[in-house]
4 protein chains.
Amino acid sequence: FSKFPSSLSYFFTPVFYSVFPAASYTDSSDDETSPRDKQQKNSKGNSDFCVKNIKQAEFGRREIEIAEQEMPALMALRKRAQGEKPLAGAKIVGCTHITAQTAVLMETLGALGAQCRWAACNIYSTLNEVAAALAESGFPVFAWKGESEDDFWWCIDRCVNVEGWQPNMILDDGGDLTHWIYKKYPNMFKKIKGIVEESVTGVHRLYQLSKAGKLCVPAMNVNDSVTKQKFDNLYCCRESILDGLKRTTDMMFGGKQVVVCGYGEVGKGCCAALKAMGSIVYVTEIDPICALQACMDGFRLVKLNEVIRQVDIVITCTGNKNVVTREHLDRMKNSCIVCNMGHSNTEIDVASLRTPELTWERVRSQVDHVIWPDGKRIVLLAEGRLLNLSCSTVPTFVLSITATTQALALIELYNAPEGRYKQDVYLLPKKMDEYVASLHLPTFDAHLTELTDEQAKYLGLNKNGPFKPNYYRYLELPRNGEAWVIMSFLH
Amino acid sequence: FSKFPSSLSYFFTPVFYSVFPAASYTDSSDDETSPRDKQQKNSKGNSDFCVKNIKQAEFGRREIEIAEQEMPALMALRKRAQGEKPLAGAKIVGCTHITAQTAVLMETLGALGAQCRWAACNIYSTLNEVAAALAESGFPVFAWKGESEDDFWWCIDRCVNVEGWQPNMILDDGGDLTHWIYKKYPNMFKKIKGIVEESVTGVHRLYQLSKAGKLCVPAMNVNDSVTKQKFDNLYCCRESILDGLKRTTDMMFGGKQVVVCGYGEVGKGCCAALKAMGSIVYVTEIDPICALQACMDGFRLVKLNEVIRQVDIVITCTGNKNVVTREHLDRMKNSCIVCNMGHSNTEIDVASLRTPELTWERVRSQVDHVIWPDGKRIVLLAEGRLLNLSCSTVPTFVLSITATTQALALIELYNAPEGRYKQDVYLLPKKMDEYVASLHLPTFDAHLTELTDEQAKYLGLNKNGPFKPNYYRYLELPRNGEAWVIMSFLH
Amino acid sequence: FSKFPSSLSYFFTPVFYSVFPAASYTDSSDDETSPRDKQQKNSKGNSDFCVKNIKQAEFGRREIEIAEQEMPALMALRKRAQGEKPLAGAKIVGCTHITAQTAVLMETLGALGAQCRWAACNIYSTLNEVAAALAESGFPVFAWKGESEDDFWWCIDRCVNVEGWQPNMILDDGGDLTHWIYKKYPNMFKKIKGIVEESVTGVHRLYQLSKAGKLCVPAMNVNDSVTKQKFDNLYCCRESILDGLKRTTDMMFGGKQVVVCGYGEVGKGCCAALKAMGSIVYVTEIDPICALQACMDGFRLVKLNEVIRQVDIVITCTGNKNVVTREHLDRMKNSCIVCNMGHSNTEIDVASLRTPELTWERVRSQVDHVIWPDGKRIVLLAEGRLLNLSCSTVPTFVLSITATTQALALIELYNAPEGRYKQDVYLLPKKMDEYVASLHLPTFDAHLTELTDEQAKYLGLNKNGPFKPNYYRYLELPRNGEAWVIMSFLH
Amino acid sequence: FSKFPSSLSYFFTPVFYSVFPAASYTDSSDDETSPRDKQQKNSKGNSDFCVKNIKQAEFGRREIEIAEQEMPALMALRKRAQGEKPLAGAKIVGCTHITAQTAVLMETLGALGAQCRWAACNIYSTLNEVAAALAESGFPVFAWKGESEDDFWWCIDRCVNVEGWQPNMILDDGGDLTHWIYKKYPNMFKKIKGIVEESVTGVHRLYQLSKAGKLCVPAMNVNDSVTKQKFDNLYCCRESILDGLKRTTDMMFGGKQVVVCGYGEVGKGCCAALKAMGSIVYVTEIDPICALQACMDGFRLVKLNEVIRQVDIVITCTGNKNVVTREHLDRMKNSCIVCNMGHSNTEIDVASLRTPELTWERVRSQVDHVIWPDGKRIVLLAEGRLLNLSCSTVPTFVLSITATTQALALIELYNAPEGRYKQDVYLLPKKMDEYVASLHLPTFDAHLTELTDEQAKYLGLNKNGPFKPNYYRYLELPRNGEAWVIMSFLH
């Protein structure tokens, strides 16, 4: 018999799968030299980049190749671009996470004719091997994992402030790049045809600029496209809530009592997943319509106070602040897990836990035990930051939808005739969302039905979409409640 | 021992539960006299009505009382109206189905101060006992089950054409009443403050009038309110697809292969229910976004042709026409069930089955076997009309949402200052939907959370709603595909 | 436009679908003559039967043909029997429900070579048209709907007490036929090769006879076959709980709070279905193992008292008695629905509601309102009898499994060599269950995998099954708790 | 604004959560000295142990304390034992995984009065910090992560071969310890009262010994207890299939096509989870009864060949061998994921992939790409070993059920009077399973209902269980198909 009884290998291999685990092989040297102080060249002698270690390029290339297999829409765009180059002449400066998926986007933009320069939008998120692979392929990339704040702006500046090269398109994620140009090189906007922005934060900034009359180029809001919303929220969270909880706590879902605060798309995804895994789920809501949906979907609608003593897990998905207060935290039972799936880290009042009588104990990465004087401990995940981004991974498939939308938005803005787009923030038309969706259907071997001419006529639709008819003009009174006569009767 | 072994009573009692089965007790006389030829008075000597048999009033009253228990929102409105009478002076002429739920609505309108006169919007749908109960309570009701077309218009006319009484509000369901006034008494519109219309068909007619510049009073489109849409479609169909199939065919759902054509709200409800009952569900779609949702929800997206030979059930929910053609019907396997949950009876090309080589056999009410020359038979339900309306019942709870919305719309239009509403079709504001929803939450013992002042400020919301922020102006180019530059690249 | 607006046909057709609605066409004559007083002959001049009206035969034949399509296993047995007649010489006397499905079984037995005589096992369950069709085909059937108790035994006697014909096999459902022969014609057992019994009650009686040493022929317990149990309970109840509630109350499931008493197979089916439809389900249990399963499946495990005030529906599935007591009933909220899915009508203490202060109101067939002095009413379904049998229908597919098992058991007993079976009650071997299951797989176009020789050897299995290996001898101490040493420590 | 935009922290923290991540803090010294060569003492000067590093004890203690919170049943046993010590005098030698959960079991056995000596049953699974904590508390533990085969047996021997101490009970997991004593110290069995064995493999060996007449003490088969089976298989796999796939591949489940081979408890769990996450699931089966269940649960039953070209994931759960052959592997599409959830690593013919034309690439821990000459790659997880054990963690709650059962079995065997248990393998009685289950109900705040005296009598049950009545004697013919007469007709 064997010394490795096959049924007994429970803990054989501690499980570690970050987005880019190859790092473990190649980063072991723990090189402490700042990339800014190194002299590096790629194999073609080019040195217009700044990455951790150009020698890691091969590892990064493999990850890019794997990602390409799950990003069929971008690969399809590349094929179409073999003849025509819709981005010929485009000079795109980008500031996003530097990952294998971003690399597939950048190389697609290249294939479409664009020149690109790129920095990271986050000081920790860069995958050094991927940055190396891009630098090796000739992309001027300025990014590494663990930048200082000074490094961060230095990298952005190196993308923008180049002799003999001036960007005419911006692809931003968070608005830092846009901010930098506004602040340092406002004249640059004269040549810039537009901005494509992905994040909630960045879009918010753009609307503020627009409101203030300071937006000086057209901008595309990619964040609010239907496909992104639906996928990033409902479908992605349905999976990442389970993944994030498992990786941090190894807990069993079956039989656990959970309260989910907020029943928007994110909350719906979380609730559906946990219900399916055998948890008993309670929901809190402020909006009566979402509340009624929660009821019809089979969840008890409660106020947080009513269940806080009994639940095993508290999950916030409201976009609101102080949804879980210190008072709630005081009343939770021992071992209660608290985490946030919402838009920001304000939903749980984590600051209120930083008081002398409570002891914090970091038990695992992203897992803190906060211990009350009587020994009660609650399990706080990711310090109240987003669980799905901190403690689980985002499937390439979802990133593919966003990246494709970004590419299409860049093409649109770049090719639009002068004057078509004003200095305002634009949402992609439904047809474009439909197009992005259609590019992803082959992944599922899904076969779309086409309207016959007769049916299209009957429905009053173009056979190629968009497929939501526009029969009615919707007239609403202004949303000011007082203007609505009946309110005086009702309240 | 017993001659009625308790475990063996399978078929003991044939199951019959229409909406108003009491009919069976009281209609047995099979009175053939037309109500128009009868002289009837209610117990107070009033004869301003025309119903089948005033003596059935007691049976009807019981049904109304039962319905009241499930229509908490209307009962709440009655309570509020004990002091103030927001419909005092209103003269409402109505044309709807005459059911217990309608009776609760009518009596609520009365409690709010309105005078009402009422006819049926459908020649078969009147519950005679309920009509009798309303007549007994003093409502001028003109309706019975089994009207002729001539009766139908006679009844409507009796509501409108009254000496010394002229309506100032219209509540319509289908547009027939509105049509009649337009045609016969156009001058009446001078005093009419507005129309409240519930049905798809009626709303469509109003928009056409509006487009043609012929709408001469404001109208409220109740059909497209969020709550009605969500409840009538997703949640109601989730239950009625099962109910309709069971009552007509007694089939077992487990293991059956089903194709659902269309993945809008109705299709989503049907698919979810059948999947939950163990059916294997395929979906067809024309819109890539709905198609991708179907994929993510776990349904194979196919063209109808690909699965037509293998499925046990075909369900249409598209709103389109000729989705199931004769060619499809020819290829279905023996015993395949075909039915429609969509907006009209055009989805299945039933006409194409009226050919000499096919034999029709009516095996049950609403169930036809269509038999091919080789003996193959398909099971056609409700002759392709709406299964959920023909072969299942609509829960009072759903009707309650609609009735409440109708009442609120009447109050609003009646009380609006001159000039606030133009001669156009209005949609209810989201806040009103939220209000209707909130009135129905107590049914589920559901407890809504209230925003703190701090949270409301943080979100930029009024504490009383509406709860969807309105941050952004959404700018879209016209939906004309050609105007979108990228299209020339993509196609 | 039309007087039948297509979208408005809600109540167009009152819904009525019993198992055999054709009755409505043919029974309208309301013939009051007792069948025993009629002289009837079938078209071949045969008069050895007693049914309501031989002229209804054609209607019955159609129902039988429809049933044949859903009973593929019996039809497959008929085909196999074209050469060999495994029941040649068998003289089977049967006493079951007389339905289309039974007719398919009887005609299959005939095709296998048997002679049959048949009576009904329930005075109400006979479908007269089916009885007529069988009589027309030459089967001596003695049954009609609405027999008196005297009729009941007369019919059974007519099957058994025939000159020149003596049964050698019994197929019973409930044990009444067996009882009659024991009581009146005990000598008949000398020629009888065996009994096949389907019902819980009948099986119970047989075990009692066996215990008492009075069972004088071998008997097959068909009731406890795996497939029957699994299908009759879990899968069938998963559908019939919804069907039964809808047909009786038209209620909406979404958001309703339900308590299910008992989490055996029936309870599991009910809970799964209601959860899927959006109800919030609580479970009560006495067995900790089932209780833990309920927890892991996502149901709150409670005592009935804890939730009785808040639930909308109470469903019993325990097999126990007085699970719902008058005290519980007193505490239920207004409009609470109470029904039973368990083994008998003892689970709800209905008798306790027959007190003077409570008013009973029959609002529909199978639906009573019981009204408290303060006006509270509860909705009692089927007077506490089995909801699934009283208020829904049993799918042919499930009946097919049972009927096939009955046919196989008859064949086995009839062909067994003398002495193989003792005077005891036998359960069918797992292999037979597997065989019945395999005959039903084609219905689902399901393709079974076959073991390779190598795999069969590896698993130690015969390639044709049975597929549960029998590695271990399970040794347990007697179930007497005290014999288990640890008990003294634990308690 | 911030350089850490909160919404952008995707990859901020690579995710790593093994069962005992604290290892990363304390093992960094990468001490290469073999523990066998070290001189270590705990704080009380005791040196009767051999672990990696006694200084890690504090870290291990924290993990043990966390585990205690999720093992309420063992903690309850400790409380009961404060007076009585049911294991006083017991000398238990154990060989299991050394984890925090095992530590809770060992310390419970200690609290019950036992002396323990312990070794690891797997050379990789020991958590060094836990071993250190146990050693610090005075338990003679001989185990570390990364033992050689020689180390493995040395450790076992150090537990058994002690001067002045001889075990009288064995707790084994896999049978290695039992094997060693049989081989080296057969005389020891004279004093041993019994063996408690947990694993499939170990139980199999015991039955073989028993069959061969060589089992010389009674043994308890803990593996086949109802609770362990149900929890380890259905409920645990329902969660671990998702966890294992996510941690290894970061894939999205929605819309993926999956084939699950085998529909036993493990397969049922996998199918339910994947269906709930939006995958489209096909099932293969050899047993018609399980096959019919799969159909009724909504899965297409196919042969593997029929879907192998189209699926994205292949999961084996059969317990069989060569279910996925090289031929299947050759036909899979690019990027197909292949993994095993079954009993051993034989289900996928991994050996067949070790051929020269295929390239293996280790892309992550436990993840291999196998690359065909044409570039197609399949993703093989854990080299075909058990995914749930290799790539996910087992929830403490499940381990708690097993550990409690082990403790109870030890108490029973130790306290049984001479002669009660023979030299055979015993299964725990249902009552014991019920007891273990009941100890775990408080975790879910689950409230069991108690039978009234009247109900217990009605059901013929003891109020304290066991709750499955034993009415019938089940007589089956021997399972030899040929003995069943009907078989000759059927085949």
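## A:E285 and its annotated site

A:E285 is found in the loop between β8 (280-284) and α11 (288-296) of chain A; helices (H or I, at least four residues) and strands (E, at least two) are DSSP runs, numbered from the N terminus. The model is predicted: local features need pLDDT of at least 70, side-chain atom pairs count only at pLDDT 80 or more, and totals for chains, interfaces and linings use all residues. Residues are numbered from 1 along each chain as its sequence is written, while chains are lettered from A and ligands numbered from 1 in the order in which they are written.

A residue counts as buried if 20 or more other C-beta atoms lie within 10 Å of its own, exposed if 12 or fewer, and partly exposed in between, with C-beta atoms placed from the backbone. Leaving aside neighbours within four places in sequence, A:E285 is in contact with A:G262, A:Y263, A:C290, A:A291, A:A294 and A:L301 of chain A, and with B:L448 and B:T449 of chain B. Contact requires C-beta atoms, placed from the backbone, within 7 Å.

UniProt (unreviewed entry) places a "binding site" at A:G264, A:E265, A:V266, A:G267, A:K268, A:G269, A:E285 and A:N388. UniProt positions are given in the numbering used here, feature names are shortened, and annotations may be inferred rather than shown by experiment. A:N388 lies in helix α14 (residues 387-390) of chain A and is buried, with 27 C-beta neighbours inside 10 Å. Residues up to four places away in sequence aside, A:N388 touches A:C237, A:S240, A:G244 and A:M341.

Another UniProt "binding site" annotation (unreviewed entry) covers A:T99, A:D173, A:E198, A:K228 and A:D232. A:D173 sits in the loop between β4 (169-172) and α7 (176-184) of chain A, and A:E198 in the loop between β5 (194-197) and α8 (200-211).

A:D173 is buried, as 28 other C-beta atoms lie within 10 Å. A:E198 also counts as buried, with 28 C-beta neighbours inside 10 Å. A:E198 touches A:D173, along with A:V222, A:N223, A:T402 and A:Q406, when residues up to four places away in sequence are not counted.

Strand β1 (residues 91-96) runs parallel to β4(C) and is joined to it by four bridges; strands pair if DSSP finds at least two bridges between them. C:I92 has C:M169 as its bridge partner. β4(C) also pairs in the parallel sense with strand β5 (residues 194-197) over four bridges, where C:L171 is partnered by C:V196. β4(C), helix α7 (residues 176-184) and β5(C) make a right-handed β-α-β unit: with the strands pointing away from the viewer, the path from the first strand over the helix to the second runs clockwise.

Helix α16 (residues 430-440) of chain C is mostly covered, with nine of its 11 residues buried. Among them are C:M432, C:Y435, C:V436 and C:L439.

## Relations between chains

Chain D superposes on chain C by a rotation of 180° with 0.0 Å of shift along its axis (RMSD 0.1 Å), fitted by least squares on the C-alpha atoms of residues with pLDDT of at least 70 in both. The two copies are therefore related as by a two-fold rotation axis. In chain D, the C-alpha nearest the axis belongs to D:A276, 5.7 Å from it. The same surface serves both copies, as 99% of the contact residues of chain D recur in chain C.

Between chains B and D, 11 residues of chain B are in contact with 11 residues of chain D. The chain B side divides into three nonpolar, five polar and three charged residues. Here Ala, Val, Leu, Ile, Met, Phe, Trp, Tyr, Cys and Pro count as nonpolar, Asp, Glu, Lys and Arg as charged, and the others, Gly among them, as polar.

How values were computed
Two residues are in contact if their C-beta atoms, placed from the backbone, lie within 7 Å.
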